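Welcome! Please take a moment to look over the structure below before reading on. This briefing then visits a cavity, a helix crossing and a ring pair.

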Amino acid sequence: MSSKSFLKGAFILGIAGVVSKLLGAVYRIPLARLLGGEGMGLYQMAYPIYTTILALATAGVPVAISIMVARKESSGLSGDSRRIFRVSFILLFIIGVVLSAAVFLSADFLAREVLHQPKAYLPIAAVAPAIFFAGLLCVFRGYFQGHQWMVPTAVSQVVEQIFRVAFVLILAFWLFPRGLDMAAAGATFGAVIGAAAGLIVLIVFYLKFRKRPVPGESLRYSSESSGQLAQQLIKLAVPVSLGAMVVPLVQMLDAVIVPTRLISSGFSVSRATELYGQLSGMASVLINLPTIFTIAIATSLVPAVAEAVALQDTSVVRQRINEGLRVGMLIALPSAAGLCVLAYPITDLLFAAPEAGIPLAYLSFSIIVLALFQVTSASLQGMGHPEIPLRHLMITGLLKVFFNFYLTGIVYLNIKGPAIGTSLAFLVGSAMNMVQLARRTGVRFEWRRFIKLALVTAVMGLVVTLSYDTLVFRGIHSHFATLVAIAIGVGVYGVALLVTRELDLVLIRRLLKFG
């Protein structure tokens with residue numbers, strides 16, 4: 001895989017991610033207006049349980065399948081690639097049925113005994129079937145990624161999100177007259193419909209893909225049995241799955257810790273749920289948008305680094321690590337600055353809830369450390385050390401729980417506490433990843449470039465702030481002033497990158513060239 005292929009794959013997934021996340025952000029605006037803070041709190045309480053279980057069962061599957069398929073295809077063992085697909089499909093089918101049933105049957109217990117919010121029962125039960133469909137989605141996506149074909153994954157992501165968004169809103173509005181819990185349940189069931197639609201798209205791609213001519217006269221197989229392939233799959237998938245489980249598990253703990261600590265600080269149950277909804281259902285949504293590209297970069301970086309390691313080309317390993325970090329910081333730094341300085345007007349514009357700007361202003365800094373953590377973790381996984389980012393993520397999760405518990409209980413900080421805790425925890429995790437990369441590859445991180453980007457970002461942030469304040473002072477409505485200030489910030493940042501020669505036009509042309 002060339003550097004061009006690695007970046008092209010990241011670009012395709014990044015564009016699909018942008019479309020999906022934009023749809024995901026847009027639907028939350030009318031949903032938040034309909035459900036309010038308490039309704040969004042119920043909606044968000046169900047999702048950490050779903051994502052935690054899904055991560056445990058499936059998160060490592062696409063990575064494991066893509067690595068195994070890539071290895072087999074490079075060795076000309078296309079028959080093994082198909083066996084890997086069949087084995088993983090059977091495994092995930094069984095696991096999906098069992099876990100979906102388990103979540104559905106235990107929804108009442110989870111709502112009452114774990115979340116201490118009986119109204120969360122229906123949203124949890126409604127989202128349970130999505131685990132089954134999402135598991136099968138992972139099998140297909142990993143198979144196509146192993147063939148270095150990102151288009152099926154990208155198309156299925158967009159289709160899945162379109163159906164999910166449409167039915168989240170349709171069902172929420174339809175069921176709203178029956179109560180907030182019913183409306184939230186309708187919204188969570190949108191994930192089931194979306195996953196089913198995405199799976200249908202991937203099945204169509206797979207049927208067409210199977211008809212392609214196979215190089216050589218016939219499919220070649222190794223001496224490995226299906227059982228041995230299954231063992232390899234599990235061995236590769238488990239560390240990644242455990243790592244992916246940490247974040248949603250921490251989110252699930254947050255759903256318990258944050259409202260509970262707010263209540264102990266003197267807030268009512270309704271007010272604590274509302275503040276949690278502003279943090280997790282509004283501020284966190286905006287924070288996740290810039291990480292679309294770093295997730296795409298990480299997905300393509302794993303096989304790219306693995307290939308360079310297999311060829312024992314350390315210089316290429318270092319180059320790809322720095323290239324991934326550079327692209328990640330080009331996006332993360334201005335995004336963090338923009339959301340910080342315009343936190344209140346942005347949340348007012350999108351959610352009609354300027355108060356959500358309080359946690360957003362502090363949570364915005366987590367964009368930078370999250371991007372660092374994602375890219376460096378992918379690099380370590382590609383090097384064949386998935387246990388290292390797993391260990392660091394577990395430490396990060398424990399730190400986040402500690403910070404969130406302690407800081408949220410401080411009356412002055414309240415909902416700002418978990419926002420600050422998230423940034424501090426992932427700062428530590430990113431630093432540990434970077435230390436390991438430096439030790440194992442001898443990579444020299446481009447600190448001068450990062451400092452230059454930070455200075456450019458600071459200039460952009462200052463211009464954005466002055467632009468917004470000036471427009472509002474002259475009587476321009478806040479919503480329009482916010483949009484204009486954002487446009488000015490994008491322009492200033494782009495020009496500054498050109499002036500400082502940090503915007504690589506050659507790289508852009510490579511990304512846009514699909515021939």
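A cavity is a set of grid points where a 1.4 Å probe fits but cannot get out, and its lining residues have an atom within 4 Å of a point. Keep in mind that this is a predicted model. With that, here is what to look for.

**The second largest cavity**
- Which residues line the second largest cavity? They are Val 246, Val 247, Val 250, Leu 393, Thr 396, Gly 397, Lys 400 and Phe 426.
- Two or more lining residues come from each of helix 9 (226–264) and helix 16 (387–408).
- Helix 16 gives the most to this lining, with four residues.
- Sorted by class, the lining has five nonpolar, two polar and one charged residues.

**Where two helices cross**
- Two packed helices are described by the angle between their axes and the distance between the axes.
- Helix 13 (residues 343–351) and helix 19 (residues 478–499) have axes that come within 9 Å and cross at roughly 120°.
- Is this crossing left-handed or right-handed? The crossing of helix 13 and helix 19 is left-handed.
- On the helix 13 side, the contact is made by Pro 345, Ile 346, Asp 348 and Leu 349.
- On the helix 19 side, the contact is made by Ser 478, His 479, Thr 482, Leu 483 and Ile 486.
- By class, the contact between these helices has five nonpolar, three polar and one charged residues.

**A pair of aromatic rings**
- How many aromatic pairs does a search of the whole structure find? The search finds 18 aromatic pairs.
- One of them joins Phe 85 and Tyr 143: the ring centres are 5.1 Å apart and the planes are at 55°, so the pair is tilted.
- Phe 85 lies in helix 3 (residues 78–105) and Tyr 143 in helix 6 (residues 130–146), so the pair ties together parts that are 58 residues apart in sequence.

Definitions and conventions:
Residues are numbered from 1 along each chain as its sequence is written. This is a predicted model: local features need pLDDT of at least 70, side-chain atom pairs count only at pLDDT 80 or more; totals for chains, interfaces and linings use all residues. Side-chain values use heavy atoms; hydrogens and water are left out. On a 1 Å grid over the protein atoms alone, a cavity is a set of points where a 1.4 Å probe fits but cannot get out, and a pocket is an open set with protein on both sides within 12 Å along at least five of seven lines; lining residues have an atom within 4 Å of a point. Ala, Val, Leu, Ile, Met, Phe, Trp, Tyr, Cys and Pro count as nonpolar, Asp, Glu, Lys and Arg as charged, and the others, Gly among them, as polar. Axes are lines fitted to C-alpha atoms, for helices over the stretch in contact, and angles run from 0 to 180 degrees between N-to-C directions. A crossing is left-handed if the near helix is turned anticlockwise from the far one by less than a right angle, and right-handed if clockwise. Contact means heavy atoms within 4.5 Å. Rings of Phe, Tyr and Trp (its six-membered ring) pair if their centres lie within 6.5 Å; planes under 30 degrees apart count as stacked, over 60 as edge-to-face and the rest as tilted.
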